[in-house]
Amino acid sequence: MKGFLNRDRFLNILENVNIWDVIIIGGGATGLGIALDSSSRGYKTLLLEQSDFSKATSSRSTKLVHGGIRYLAQGNIRLVYEALRERGFLLKNAPHLVKKQKFIIPIFSWKMGIMYWTGLKLYEWLSGSLSFGKSIFLSKTEIVDNFPEMKSEGLKGGILYYDGQFDDARLAINLAQTCVQKGGILLNYFQVKNLIKKIGNKISGVVAYDIETQKKYSIYSKIVINATGVFSDSISKMDESSCPTFIRPSQGTHVVLSKSFFSSLNAMVIPKTPDGRVLFCVPWYDHVLVGTTDTLLEKSILEPKPLEEEIDFILQTFNKYFVFHIKRSDILSAFSGLRPLFVPNNSFYNNTKTKDISRSHKLMVSSSGLITIIGGKWTTYRKMAEDTVNKAIEIGKLNKKPSITKNLKIYGSYSSYKSQNHYWNKYGEDEYHIKKLIDQNPLLGVSLISKNSFSYTEAEVVWMVRHEMARTIEDILARRFRILFLDAKKAIGIAPRIATLMAKELSKDEKWEKSQILAFKKLAMQYYYPST
């Protein structure tokens, strides 16, 4: 069925195509968006990802679809306007994943209140007909009613405004499915090792390695796009070894706490932190997500770790505003993601804070024809993709066709099968297929975690392996389910059962199961802060 992700089928197609129109390297938000834009225009499109889809930055966001209120303070009106428009398109095209969320900014001085009120009214005006709702002023009593755990000393009132929230990794899977519906092919665990060049030093394809089968492929195309985010420089250096470094990663860390510390269904923006950023406290899957930080790093890695000072910063800021004294042992999970900040001159970093560096995306084309897309954020992925494919048409001399993604419904959005349990809504039309598996084998309806709020079933694991290209325990627990990001201890606890289910589906032996469990536990301990 179109929209199902099947790695074996995609490999078979790969081996029977002589030349692609477009090859995209990177399976995060940017790469998937480009693959969808390209395939939906009718171009023969292939995406290659070295790990799992959205493995890196794209699964580690603050889960917000937003214009970016702090960019207004920087005077970056154009970026905010663009992001607010894209926010509206996302809500329209993926309503099963994107929802309107109320945010409240507590006000402790009238001067600050006037500043935020003015900014949020501008924010609201910029969104135009795609507005999520009108901002309103709340009294001190209303703020306390909304956040009973909050300290009220010095509180004057607050401002309520609307923005968007989503599940980043689930949207990534749905983008991949939509791309397949439009004829695109995507392969995870497929690493690009080199670029192929023809006479005249022009790029004509890639040399890629299937990590699972250990087979190498020479794959030809009219254009190659580097959409690898924080790893963009590594691909650029395959093109030209003397290519200067344009990426400097900035790490953003989040902690996840029990909702007992933050019972409100509304999100809070903590307006004043020591580094001048805002801090979000966002309800997410019956937990609260608190973040983020902005820490400049020297190099990019696939699995970044929260720094001690980042954890301290988040806890100290949270404790300043709430009556609880949150300790490290209260953290259910902590995770980090890297932002690919574009800086053409590294000396720029000597005098500029990362929070002040523009998040606008940048397109670069090398003399050999390699297109590199850098920067941006989840909210603007569609516009980034449209701009990139427009450039690919020009550089690759493809037949010109317009983008259709502004009005293209994302896979899952067509579901008429609505469950009373909101847990299932994120699957869209696939909810029907997963529940059909349970009807055929009721044992698959067993919950993986008993006596808690998790609803995860064995049927979903089977589905994710068969139709969502999940290949490892981590793929399931980190990105298909979000348990590793919500509660690392619970994720470790159910890893053996996940391994057994996956081994059966993938025809793997006991040795594979044990190695998978060991690897996952080692990974999960980076997210876990046990009591001492």
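Visitor: How does the lining of the largest cavity divide by class?
Guide: That lining has six nonpolar, three polar and two charged residues. Here Ala, Val, Leu, Ile, Met, Phe, Trp, Tyr, Cys and Pro count as nonpolar, Asp, Glu, Lys and Arg as charged, and the others, Gly among them, as polar. This is a predicted model, where local features need pLDDT of at least 70, side-chain atom pairs count only at pLDDT 80 or more, and totals for chains, interfaces and linings use all residues. Residues are numbered from 1 along each chain as its sequence is written, and side-chain values use heavy atoms, leaving out hydrogens and water.

Visitor: Which element gives the most to that lining?
Guide: H4 does, with four residues. Helices are DSSP runs (H or I, at least four residues), numbered from the N terminus.

Visitor: And how much space lies in the largest cavity?
Guide: About 80 Å³. A cavity is a set of points on a 1 Å grid over the protein atoms alone where a 1.4 Å probe fits but cannot get out, and lining residues have an atom within 4 Å of a point. The volume is the space filled by probe spheres set on the points, which are joined across faces, edges and corners.

Visitor: What is Thr30 in contact with?
Guide: Leaving aside neighbours within four places in sequence, Ala227, Ile373 and Met384, with contact meaning heavy atoms within 4.5 Å.

Visitor: Where does pLDDT stay under 50?
Guide: Over residues 346–358; pLDDT is the predictor's confidence in each residue, from 0 to 100.

How values were computed:
On a 1 Å grid over the protein atoms alone, a cavity is a set of points where a 1.4 Å probe fits but cannot get out, and a pocket is an open set with protein on both sides within 12 Å along at least five of seven lines; lining residues have an atom within 4 Å of a point. Helices (H or I, at least four residues) and strands (E, at least two) are DSSP runs, numbered from the N terminus.
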